[in-house]
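Subject: Structure handover

Hello,

Here is the structure I promised you. Please open it and keep it in view while you read my notes.

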Amino acid sequence: MTTLTAAGASASPEHRPAEILALTRRIVEPPLRSAVESMPEPLRRMASYHLGWCDAQGVPVRANVGKLFRPALAICACIACGGKPESAAPAAVAAELVHNFTLIHDDVMDGDRTRRGRSTVWALWGVSDAVLLGDGLHALAAEVLVARLADPVVGPALDRLESTVIELCRGQHEDCLAADSRRSLADCERTAMSKTGALMGCACALGALCAGASAEMVSSMDRFGRELGMAFQLTDDLIGIWGDPAISGKPADDLAHRKYTMPVVAALLSGTAAAAELGLLYRDPAPLSSGRVARAAELIDAAGGRRWAREQAERRTESALRCLPDGSAADDLAVLARLVARRDL
C-alpha cells in the first residue's frame, strides 16, 4: 500500500479527497474519542459538544463536525515517508486536539458566538470554562503523545508540538494587534504562517516522525505543511468575505468586523481609487450596514485583492507540492494540497 486510499476501494480522482478524509476519520475518531473520554466532567461534555458528538446536555448527536484535515495530513505524511497509517494515529489525534484548543480560544478572543452552525463553547458555558477547556485539550494532546508514542519518537514529537503551540500563541498575539490600517502584506503573511502554517507543518512533521523518517525528510514535510497552511489561510480569508455560510459553516463577516485580512490589505495597498474608498469605509467608526459591507467587497475585488489572494493561494500550493518526495507514496498529500486552494466559496 502506497497511499491511504489504496487501503479501501479505489476512488475516482474527484472523489479521492472525500475518501482520504473518510478513511482518516475511521483511523482517528476512535482514539480521539477515547482521549476525550479520559477528561473529567464537565470538560468531557464541553469537549464532546464542541467536537459535534453531543448537545449541550450531553445527549449524543451527529452535528456538523470538522473535516479532520490536519490529522489527514499527519497520516498521509507518515505514508509518504514509508510508514503505516495507523502509526501516525497518536500524532493525528494530538494535532486535532491542538487545533480545537486554538478554535475555542479564538472564539473567545474574537467574540464569535457561533461555529459550524452551533453556539460556541464560551457562548454556552462562559469565557472561564472555554479557556479552561482549551487549556485542557492542549494538555491532553501532549498526554496522547507521551502515552502512545514509543522512544525515540516521543521526545522529538513532544518538543515539536509544544514549540508549535508557542508559535501559534505568538501568531494569535499579532493577529489581535492587527486591527489597524498599518499592516503590511509581510505582517499578514508572518501572522498567517504562525497561526495556520505552523500547525499544518507540525502535523506533517509529526507524521514523518512516526514513520521513522530522516531529519531532512521531517523538515521537508514541515515545509510542505507550512506552505499549504499559507494557501489554506489565503483561501480562508476569501471565504471570510465571499463565502457561503451554508458551505463553510461560519459567517462571512470579516468585513463587518473590519478585519485586515490579506485580500483587504492587498486591496488597500493597490493605490487605486477603489482602495481609497475602501480605506474611508474601514476608517468610518459607524457600524457597517449590509449594503456597505457589500460595497466593501466590491471595492476589494475592484482593487485586485480578490485576484491577488487567489493567485497567492495557487502559488503557495505549488510551492508546497515541490516539497514532496517523488513517487506515488506522496500522492494523497498532493490530493489534499490541491483541495485546499479550491475549497468552495
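This is a predicted model: local features need pLDDT of at least 70, side-chain atom pairs count only at pLDDT 80 or more; totals for chains, interfaces and linings use all residues.

One term first: helices here are DSSP runs of H or I with at least four residues, numbered from the N terminus.

**The whole chain**

The chain has 15 helices and 2 strands. Its radius of gyration is 20 Å, close to the 20 Å that the globule rule gives for 345 residues, so the chain is as compact as a globular protein of that length. The C-alpha trace spans about 60 × 50 × 35 Å along its principal axes. Of the 345 residues, 56% are buried. Now take the contacts with a separation of 6 or more: 70% of them are between residues 24 or more positions apart. The chain exposes about 14700 Å², and carbon and sulfur atoms supply 54% of that area.

Start with α8, residues 185–210. How far apart should its ends be? At 1.5 Å a residue, its 26 residues should span 38 Å. The end C-alpha atoms are 35 Å apart, which agrees. The helix also bends, by about 45° at Gly-197. Of its 26 residues, 20 are buried, so α8 is largely enclosed by the rest of the structure. After α8 comes Gly-212, with a positive phi near 70°.

Pick out Leu-209 in α8. Is it buried or exposed? Its relative accessibility is 15%, and buried means under 20%, so Leu-209 counts as buried. Leaving aside residues up to four places away in sequence, it touches Val-153, Pro-156, Ala-157, Arg-160 and Val-218. Leu-209 and Met-221 are 12 residues apart in sequence. In space, their C-alpha atoms are 9.8 Å apart.

Next is α9, residues 215–242. This helix has 28 residues. From first C-alpha to last, α9 reaches 40 Å, close to the 40 Å expected at 1.5 Å a residue. Of the 28 residues, 23 are buried, so α9 is also largely enclosed by the rest of the structure.

**Salt bridges**

Side chains of opposite charge can pair when their charged atoms come close. How many salt bridges does a search of the whole structure find? The search finds 18.

- Arg-226 and Asp-222 meet through their side chains, at 3.0 Å from N to O. Both lie in α9, 4 residues apart, about one turn of the helix.
- Glu-277 and Arg-295 form a salt bridge at 2.9 Å, N to O. This pair links distant parts of the chain: Glu-277 is in α12 (residues 273–283), Arg-295 is in α13 (residues 290–302), and they are 18 residues apart. Glu-277 is partly exposed, at 32% relative accessibility. Arg-295 is partly exposed too, at 34%.
- Glu-298 also meets Arg-295, at 3.1 Å from N to O. These two lie in α13, 3 residues apart, about one turn of the helix. Glu-298 is partly exposed, with a relative accessible area of 47%.
- Arg-25, Glu-29, Arg-33 and Arg-62 are linked in a network of salt bridges.

Why can partners three or four places apart in a helix pair up in this way? An α-helix has 3.6 residues a turn, so residues three or four places apart point the same way.

**Backbone details**

Go back to Pro-42. A cis peptide bond joins Glu-41 and Pro-42, with omega about 5°. Another cis peptide bond joins Asp-151 and Pro-152, with omega about 0°. Pro-152 is in the loop between α6 (127–148) and α7 (154–176).

Then check phi at two arginines. Arg-116 has a positive phi of about 55°, although it is not a glycine. It is found in the loop between β1 (114–115) and β2 (118–119). At 17% relative accessibility, Arg-116 counts as buried. Arg-258 has a positive phi near 55°, and it is also a residue other than glycine. Its place is the loop between α10 (245–248) and α11 (262–268). Arg-258 is buried, with a relative accessible area of 16%.

Best wishes

How values were computed:
Residues are numbered from 1 along each chain as its sequence is written. Side-chain values use heavy atoms; hydrogens and water are left out. The expected span of a helix is 1.5 Å times one less than its number of residues. The bend at a residue is the angle between axes fitted to the seven residues ending there and the seven starting there. Buried means under 20% relative accessible area, exposed over 50%, partly exposed in between (1.4 Å probe, protein chains only). Contact means heavy atoms within 4.5 Å. The radius of gyration is taken over C-alpha atoms; the globule rule is 2.2 Å times the number of residues to the power 0.38. Accessible areas come from the Shrake-Rupley method with a 1.4 Å probe; for residues, only the protein chains shown count as cover. A salt bridge is a side-chain nitrogen of Lys or Arg within 4 Å of a carboxyl oxygen of Asp or Glu.
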